[in-house]
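We will go from stop to stop, picking residues and seeing what surrounds them.

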Amino acid sequence: MSGHPVDLGPAKRRTVLAALLVDTGRWVSAETLIDRVWGEDPPGQVRATLYAHIARIRRVLAEAGPHLSDAADGPPSLVRGQGGYRLGICPDRVDAHRVRNLVARARQDSGSDAVRVAMLREAMSLWQGQPLAGLSGDWAARTRENWLNQRIDAVLAWADAELRVGGHVVVIDTLSVLVAENPLVEPLAVALMRALHSAGRTPEALAGYAALRKRLADELGATPGAEARREHQAILCGTATAPATRRTTPGADATSTSTSTERAVVRPAQLPLEAAGFIGREEELARLDKFLAAAGERSTAVVVSAVSGTAGVGKTALAVRWAHRARHRFPDGQLYVNLRGYDPERPMTASDALVRFLTALGVCGQDIPLEPDDRAARYRTEVAGRRILIVLDNASTVEQVRPLLPGTGSCAVLVTSRDSMAGLVARDGAHRLDLDLLPPDTARTLLRRLVGPRAETDPTAVDALATQCARLPLALRIAAELAASRPSTPLTDLVAELVDHQRRLDLLDADGDPRTAVAAVFSWSLRNLPADAVRTFRLLGLHPGPDFDAHATASLTDRGLTDTRRTLDVLARAHLVQRIDAARYGMHDLLRAYATRLTTADDAPQVREQALDRLFDHYLATAAAAMNRLHPAEAHLRPAVPEPTAPVPELSDPDDARAWLNTERACLTAVSAHAAIHGRPTHAIRLSLTLYRYLISGHHNDGLMIHGHARDAARLLGDPASEARALLGIGTAYWQLARHEPARRHIQAALALFRRADDLTGQARALVNLGLVEERLGRFRQAVEFLEEALALYRRVDDRSGEAIALKDLASVEVQLGRYGEAADHLRQALALLRRTGNRYLEAHALNDLGTIEVELGRLGSAARHQEQALVLFLEVGDRYGEAGALHGLGVIHTRLDRYARAAEYHRQALTIYRQNGDRDGEARALNGLGEAAHAAGRPTDALAHHTDALSIAEDIGNPGLQARAHGGLGDAHRASGDTTPAVHRYERALSLYTDLGMPEAEAIRTRLATVTGARP
């Protein structure tokens, strides 16, 4: 920290800081901090004590800001979020991380020995004294031991590189000290022997071996390991040589399994279509061009051009027009979002907009942070240094916009708002462009273009109509469409009608507010429409979603589908609704607000409530129909829903059902929020239960929102049973996001409520999910206990589907404990039940798991058949998670069959799907599979890369089983490369993890380790 000591106070506070530093940049939950600092027996008020320590650390960081600040990333920040606490600081400013990064870079670097030596020397220089000095407790002791082992790894790598460039003296001096400090660490003694012999000091090397042998015999009753014995024999025989210059590995061939862990660069193209017949605004377009040019000259500035102006003045049309003209200057893409800032029901929050942007930029759902500040930080990271145009349409406040501003001068942002956005101009350096009414000539030209030849014969009427529409493009388009729809009526008569109508409208004020003119034109246009179209327009103001289709509109209005489609066509021609695509419509926010005002004034409260009931019943019924098409065997788990009064969409096959759910997901979320808040809690609860299976298929953030609304609604009703089911949904979403602590917390809360209600089925579901959480964390025996308890409950209530689920998940855990016979038996029982109930979705999972067991039993042909059958079923039911799992399983099988190229292709396909789904657990599995295929094909360099990436993810999500698999793979790769020392250390770490987990892979690792060291397994 720039060499300035900072007094943090007592040891516990320093332990809190250390516990945050080891996970720099990551969220660390309060539970994890308490466990690290106080262990298994924390004091009674431990959370209050923790908060006090956190507060003091924040103050110290703030007070020491000038000394801690770095030119590149500023002072550290300690923030709190839903995931716990996060210390924001560049990892390279933390010695432990910097050492690890330097050693990794040195090992991967294919350049000169001198470069590698320089990096390793820097790593060595960072070791000063004892790590975590003065801190006590089990966690500090374990971490200290782990870091000391890492230091030994680093020292060995440095010594090897240093000897290559002739640095014998410094190596001997350093290793002599370390051997004295760690007399029983054989690799250090072997390295010192090698250095002494290379320097011509062979007698000292032999004496070193003798001293090692005596220490081991005296302290441990053991003899030196294989590597020490080989080095000793080579020195005696005169065959030992100095380390050779490091070999460079040739590039991988065409069948290489190497694949980048970086996401493919996504170039979003989200700009909407330009408005038809756009005219004028050349001066404003030119000014926007100048703003962009000015930004390029300054290069470090972020330009925000806030196009402000009254409603209907054409802000969006201008922004979209300019964005299309300028898009070639932004080769990395264009982002667009309608923030609906003036929507009377639900403006889009910046946090929701960030989810959309991050998704458009290719960030997986699982990688999108939950906290708004963290989403904004991730967004700024994604767009940093890229040439992207960002259009923020219909913003209402600076607070809605500011989190969406990038942190790089390479991007340009265009904001449209009715507000002047003074805060953006003052603080963020925005240019403001105040959009005025269309110039008279342009307004007349637009009318003549829209009305047609008739306008040429009556220029006076055209002038009057332009004035009556306040020269607002929205009003002009609506008026022109009305004129075009009445071709036999002279324009003069239409102008007279509007004049008369305006005089009679109470909406018209004495100041001539342009918005009054727009309302007058709306009203005038509606007066000339059929009554059913007017009623439809009014009721559409009640729809809470961003858009709608004919089926939703028919439900809202209680009319037939054919009549509704005809009415929507009428409204679209009148520019009162706008087509989004062939089947969906939207409304300008000003028109939506006007429609809401009309229905409030003209329709009785009972009429409005009945319309919303029909609409929400439609969404519930169609969602239920879609889920029944996708998962018919689970219909009994979903609630009964009201019969809709209007026809639901035709969902003839699973693809149609899935497409409807995907298309309507934003509306379903909006309906859930509206129902929970505005007196329809049962709708919110039923929607959550109906969509449960769909939401766990990759829509985690939507799941958190919809289940969260259901929980709030249940609490409002005082309905603990529904609250428990909603909590279960929230916990499951967290589990899929690899956020295990909040997952466990919500599922345990659900279990407590289920037990209070004596709901045995609910208890079983919660216990199954708790078992899945424990499995991810490597606590397999605890997982088995939960799953066996769930199985007993399902059998007690005679729930065959639940029993099959518990059997299948129990088998999955038993496989990891090496109980293959029991696992196979349980899977066969599950398959029989699933086939009896017709659950194709879970049958596919059971077949996949059975194939996994058969791989372990050596039945590769049968395993491949079952995996292929599972893959066919997964494709049939549209389960992308299962599809990826089957592909991964087939990759493992083909590696065992020596079909390495085919195995790698299966793993690559699985990896792509896992990343698309945001499944980091699966991503690590696929990377490990790629590493194993590469190793089997004789490409250790590729294997090292894949297993290293897998290990990074596994450590990040806290999955020890995948960590062990990655360490074992790294050991294999190092061994194949002839790097014995790192191979031994990787095998030892894998063995330790597998042993702690009680997994059968421990024996195989022990055998490999013995082969390398020459010891008896």
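Start by selecting R765 and Y692: R765 lies over the face of Y692, 5.1 Å from the ring centre. A charge sits over a ring here if NZ of Lys or CZ of Arg is within 6 Å of the ring centre and within 35 degrees of the ring normal. Now pick R80 and Y51, where the charged end of R80 sits over the ring of Y51, 5.1 Å from its centre.

A word on what you have loaded: this is a predicted model, in which local features need pLDDT of at least 70 and side-chain atom pairs count only at pLDDT 80 or more, while totals for chains, interfaces and linings use all residues. Residues are numbered from 1 along each chain as its sequence is written, and side-chain values use heavy atoms, with hydrogens and water left out.

Next, show the cartoon and find the open sheet of 3 strands, in the order β8-β10-β9 with antiparallel pairing. Its edge strands are β8 (548-549) and β9 (578-579), each of which pairs on one side only. Helices (H or I, at least four residues) and strands (E, at least two) are DSSP runs, numbered from the N terminus, and two strands pair if DSSP finds at least two bridges between them. Between β9 and β10 (residues 584-586) there are 2 bridges in the antiparallel sense; select R579 and you will find its bridge partner, Y585, in β10. Helix α25 (residues 561-573) packs on this sheet and touches β8, β9 and β10, with its direction at about 45° to that of β10. Touching, or contact, means heavy atoms within 4.5 Å; axes are lines fitted to C-alpha atoms, for helices over the stretch in contact, and angles run from 0 to 180 degrees between N-to-C directions.

Now for the rings. Rings of Phe, Tyr and Trp (its six-membered ring) pair if their centres lie within 6.5 Å; planes under 30 degrees apart count as stacked, over 60 as edge-to-face and the rest as tilted. By this rule there are 4 aromatic pairs. One of them is F548 with Y585, stacked at 6.3 Å centre to centre with 15° between the planes. F548 lies in β8 and Y585 in β10, so the pair ties together parts that are 37 residues apart in sequence. Buried or exposed, F548? F548 is buried, with a relative accessible area of 0%, and Y585 is buried at 5%. (Buried means under 20% relative accessible area, exposed over 50%, partly exposed in between, with a 1.4 Å probe and protein chains only.)

Move on to Y619 and W660, whose ring centres are 6.5 Å apart with the planes at 40°, so this pair is tilted. Y619 lies in helix α27 (residues 605-630) and W660 in helix α28 (residues 654-677), so the pair ties together parts 41 residues apart in sequence. Y619 is buried at 0% relative accessibility, and W660 is buried at 7%.

For the last stop, select D809 in helix α36 (residues 800-816). D809 is buried, with a relative accessible area of 9%. Which residues does D809 touch, not counting those up to four places away in sequence? They are V768, L772 and L787. Finish with a distance label from the C-alpha atom of D809 to that of V784: the two residues are 25 apart along the chain, and these atoms are separated by 9.0 Å.
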